[in-house]
Amino acid sequence: MELAGRVAVVTGGGGGIGEGLCRAFSAEGARAVVVADIDGDAAERVAADLAAAGTKALGLRVDAGAEADIVELVRRTEDGFGPIDLFCANAGIIVIGGVEVPDDAWERMWRVNVQSHVYAARAVLPGMLARGEGYLLHTASAAGLLTQLGSAPYSVTKHAVVGLAEWLAITHGDAGIRVSCLCPQAVQTAMGGGRRVAGDAVSTARRDGVLLPEEVARVVVEGLRDERFLILPHPEVATYEQRRAGDRDRWLKGMRRMQAAMMAAWRSPTT
Ligand SMILES: NC(=O)c1ccc[n+]([C@@H]2O[C@H](COP(=O)([O-])OP(=O)(O)OC[C@H]3O[C@@H](n4cnc5c(N)ncnc54)[C@H](O)[C@@H]3O)[C@@H](O)[C@H]2O)c1
C-alpha cells in the first residue's frame with residue numbers, strides 16, 4: 001500500500017515509534033493522520049506539527065486498552081476524514097519481572113499490549129470488509145518472535161500480538177485485508193532508552209544496534225509498500241527466528257548464556 005492519499009490512525013502516536021510513524025506517513029503524503037495517545041498533550045503536539053507540514057491531522061487522548069476509547073477514535077476519524085485505510089495498533093508498555101509480577105500489572109499488560117489490538121480490529125474490520133480493503137499494522141516486537149530477557153509479561157503479550165496478527169492475515173487476507181506485524185529489537189525511545197527497561201540493552205542492542213524511531217518508520221513505509229507481513233527493522237531477527245525454530249533446545253541454551261551475561265553486566269555496569 002502506498003501512503004499517499006490515505007487515512008491513517010496511530011495509537012501511541014504521541015511519542016517514540018508511533019510518533020515516527022505519524023511523521024513518516026505525513027511525509028509520504030497521507031491525506032489525514034490521526035494521532036492517538038494516552039498523553040493527550042503529546043498527541044496534540046505531534047498533530048500540530050503534521051498540520052503545519054500540510055497534512056490533515058487530529059490529536060486525541062485515547063487509552064488504547066479501553067474499548068470505548070477505540071470506538072470513539074474510529075468514529076471521530078471517520079466523521080472527520082472518511083474511512084480508515086490504515087490502523088496502526090502501536091501503543092504498548094513493559095513491566096520488568098517474571099511470574100511474581102502482580103495480577104493487576106499482568107492485566108494491564110494484557111489490556112494495553114493485546115486487547116488494544118483486538119479492540120482496534122473489532123472496530124475497523126466491519127467497514128474494511130464491507131469495502132473489500134483495509135490495512136492493519138500491529139506493533140509487536142522481536143520479543144514476540146523470540147523472547148524478552150527479564151520480562152515474562154512482555155514476552156507473553158508480544159507473542160500474543162504476533163499470533164493475533166497471523167490469525168487476522170489468514171482469516172481475512174482473501175477478503176482484501178492486509179496485515180503487517182512490526183517486530184523491532186531495541187529502538188531509542190522512552191521505552192527503549194533505559195538500560196534496564198530495554199532489558200536486552202547489553203546484548204541485542206549492543207550486537208545489532210539501537211535504531212531511531214525515524215529509521216524504524218522508514219522500514220515500515222517500505223514494508224507497507226511491499227505488503228509484507230513481517231516488518232523487521234533489525235533484519236538479524238529473521239535469522240534468530242529460524243535458529244529458534246530449527247533447534248529449540250540449542251536456542252534456549254544460547255538465550256540462557258545471553259541472560260547470564262546480561263545479569264553480570266547489570267551487576268558491574270562499567271564493564
Ligand atoms: N523501544 C523499543 O525498543 C521497542 C522494541 C520493540 C517493540 N517496541 C514496541 O513499540 C511500541 C511503541 O513503543 P515505544 O518504544 O515507542 O514506546 P514509548 O514509551 O516511547 O512510546 C509509547 C507511546 O504510547 C503511549 N501510550 C502508552 N500507553 C498507552 C495507552 N494505553 N493508550 C494509548 N497510548 C499509550 C505513550 O504515552 C507513548 O507516547 C510498543 O508496542 C512497544 O512494545 C518497542
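Mentor: Asn90 sits in the loop between strand S4 (86-89) and helix H4 (103-131). The model is predicted, so local features need pLDDT of at least 70 and side-chain atom pairs count only at pLDDT 80 or more, while totals for chains, interfaces and linings use all residues. Residues are numbered from 1 along each chain as its sequence is written, and side-chain values use heavy atoms, with hydrogens and water left out.

Asn90 is buried, at 9% relative accessible area. Buried means under 20% relative accessible area, exposed means over 50%, and partly exposed lies in between (1.4 Å probe, protein chains only). Leaving aside neighbours within four places in sequence, Asn90 is in contact with Val10, Thr11, Gly12, Ile17, Gly18, Leu21 and Thr139. Contact means heavy atoms within 4.5 Å.

S4 has a partner in strand S1 (residues 7-11): the two pair in the parallel sense over three bridges. Two strands count as paired if DSSP finds at least two bridges between them. Val9 has Phe87 as its bridge partner in S4. S4 also pairs with S5, again in the parallel sense, over four bridges. There, Phe87 stands opposite Leu136. As background, strands of a sheet pair through backbone hydrogen bonds, either parallel or antiparallel.

Now S5. Six of its six residues are buried, so this strand is largely enclosed by the rest of the structure. Both of its faces are covered. Gly134, Leu136 and His138 are on one side. Tyr135, Leu137 and Thr139 are on the other.

Take Leu137 as the example. This residue lies in S5 (residues 134-139). Leu137 is buried, with a relative accessible area of 0%. Beyond its neighbours within four places in sequence, Leu137 is in contact with Leu86, Phe87, Cys88 and Ala89, among others. The list also includes Ser180, Leu182 and Ile231. Leu137 and Arg61 are 76 residues apart along the chain, and their C-alpha atoms are separated by 20 Å.

Next comes strand S6 (residues 177-182), which pairs with S5 in the parallel sense over six bridges. His138 has Cys181 as its bridge partner in S6.

Seven of them form an open sheet in the order S3-S2-S1-S4-S5-S6-S7, with parallel pairing. Strand S3 (56-61) and strand S7 (230-231) stand at the edges, each with a single partner strand, so one side of each is left without a neighbour in the sheet.

Gly59 lies in strand S3. At 13% relative accessibility, Gly59 still counts as buried. Gly59 touches Val35, Ala43, Glu44 and Ala47, not counting residues up to four places away in sequence. Gly59 and Gly14 are 45 residues apart in sequence and 8.3 Å apart in space, C-alpha to C-alpha.

At the S7 end, Glu227 falls in the loop between helix H9 (213-226) and S7. Glu227 is partly exposed, at 39% relative accessible area. Its phi is near 50°, a positive value in a residue other than glycine.

Last, the whole chain. There are 11 helices and seven strands. The radius of gyration is 18 Å, close to the 18 Å that the globule rule gives for 271 residues, so the chain is as compact as a globular protein of that length. That radius is taken over C-alpha atoms, and the rule is 2.2 Å times the number of residues to the power 0.38. Along its principal axes, the C-alpha trace spans about 55 × 40 × 35 Å. Buried residues make up 52% of the 271 residues. Among contacts between residues at least 6 apart in sequence, 72% join residues at least 24 apart.
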